[in-house]
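Subject: The structure, and what turned up in it

Hi,

Here is the structure I promised to hand over. Please have it open beside you while you read my notes below.

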Amino acid sequence: MTTVDGTALDLLSDLFAGEGAAEYFGEEVTQAEHMLQAAALAEAAGAGPALIAAALLHDVGHFGALTAAQGGRDGDVLMAGTDNRHSDTGADWLAQYFGPAVTEPVRLHVAAKRYLCAVEAGYFGRLSEASVHTLRVQGGPMTPAQAAVFEADPYADDAVALRRWDEQAKDPQLTPPPFAHYRTLLTGLLTARPAR
Ligand code: FE
């Protein structure tokens, strides 16, 4: 992935300001606000840098400009009834720059919703309307066997934590810190420089 100015962080910053400022499918906040709120919640909860980064970047798979080359499809497709696999496309894109402590909670954050619907009474009832809609498209609540497989994943706990911040990060009244607030944290997590 080569970016205009050569760095993944500049590309991400541009996406938060540009494509991310668009509506977040049926929610009251934009995609960028949603992801920034998730990161702020992670930070407030005392999460480590990698999990804060995962919260910040968990929905990059919705950015069509970023994932088109990997076969990702934008969220409008998801809302129209086709799973765009945004967790996988986002995690795969992030894996160019970040290690598994960042990418795997991102990859599992949709599975975590399906998991929590299966194991936690009352969780389903707290989902937003849009999230209920996408749950159906994403496969519905896990079976007990699927939940057992999920629990065995070393990043399951992080994914569940991320999922809870994800659900909360839809408050139109909040003004979370901007992308730039996380720049130093993200730089410290980069595993490689993108090719020019
Ligand atoms: Fe999200």
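Alanine 47 sits in the loop between H2 and helix H3 (49-57); helices (H or I, at least four residues) and strands (E, at least two) are DSSP runs, numbered from the N terminus. This is a predicted model, in which local features need pLDDT of at least 70 and side-chain atom pairs count only at pLDDT 80 or more, while totals for chains, interfaces and linings use all residues. Residues are numbered from 1 along each chain as its sequence is written, and side-chain values use heavy atoms, with hydrogens and water left out.

Back to alanine 47: at 16% relative accessibility, this residue counts as buried. Buried means under 20% relative accessible area, exposed over 50%, and partly exposed in between (1.4 Å probe, protein chains only). Not counting residues up to four places away in sequence, alanine 47 touches Ala42, Ile52 and Trp165, where contact means heavy atoms within 4.5 Å. Its C-alpha atom is separated by 9.8 Å from that of leucine 162, which is 115 residues away along the chain.

The overall picture

The protein has 11 helices and zero strands. Of its 196 residues, 51% are buried. Take the contacts between residues at least 6 apart in sequence: 72% of them join residues at least 24 apart.

Helix H7 and its partners

H7 (residues 100-119) packs with helix H6 (residues 86-94) at an angle of about 170°, and their axes are 7 Å apart. Axes here are lines fitted to C-alpha atoms, for helices over the stretch in contact, and angles run from 0 to 180 degrees between N-to-C directions. That angle makes H6 roughly antiparallel to H7. For the cut-offs, angles under 35 degrees count as roughly parallel, over 145 as roughly antiparallel, 65 to 115 as roughly perpendicular and the rest as oblique. On the H6 side the contact is made by His86, Ser87, Asp88, Gly90, Ala91, Asp92 and Leu94, and on the H7 side by Thr103, Val106, Arg107, His109 and Val110. Sorted by class, these are four nonpolar, five polar and three charged residues. Ala, Val, Leu, Ile, Met, Phe, Trp, Tyr, Cys and Pro count as nonpolar, Asp, Glu, Lys and Arg as charged, and the others, Gly among them, as polar.

H7 also packs with H10, at an angle of about 75° and with the axes 8 Å apart. These two helices are therefore roughly perpendicular to each other. H7 contributes Pro105, Val106, Leu108, His109, Val110, Ala112, Lys113, Tyr115 and Leu116 to the contact, and H10 contributes residues including Leu162, Arg163 and Glu167. By class, the contact of H7 with H10 has 11 nonpolar, one polar and six charged residues.

How many residues of H7 are buried? The helix is mostly covered, with 15 of its 20 residues buried. H7 also bends by about 50° at histidine 109; the bend at a residue is the angle between axes fitted to the seven residues ending there and the seven starting there.

Glutamate 167 lies in helix H10 (residues 156-168) and is buried, with a relative accessible area of 17%. Leaving out residues up to four places away in sequence, glutamate 167 touches Lys113, Tyr123, Leu127, Ser128 and Ser131. Glutamate 167 and lysine 113 are 54 residues apart in sequence, and 9.3 Å apart in space, C-alpha to C-alpha.

Glutamine 37 belongs to helix H2 (residues 31-44). Its relative accessible area is 2%, so glutamine 37 is buried. Beyond its neighbours within four places in sequence, its contacts include Val29, Gln168, Asp171 and Pro176.

The aromatic residues

The structure holds four aromatic pairs. Rings of Phe, Tyr and Trp (its six-membered ring) pair if their centres lie within 6.5 Å; planes under 30 degrees apart count as stacked, over 60 as edge-to-face and the rest as tilted. Phenylalanine 16 and phenylalanine 179 have ring centres 4.9 Å apart and planes at 45°, so this pair is tilted. Phenylalanine 16 is in helix H1 (residues 8-17) and phenylalanine 179 in the loop between H10 and helix H11 (183-189), 163 residues apart. Phenylalanine 16 is buried at 5% relative accessible area, and phenylalanine 179 is buried at 6%. Phe16, Phe63 and Phe179 form one aromatic cluster.

Best wishes
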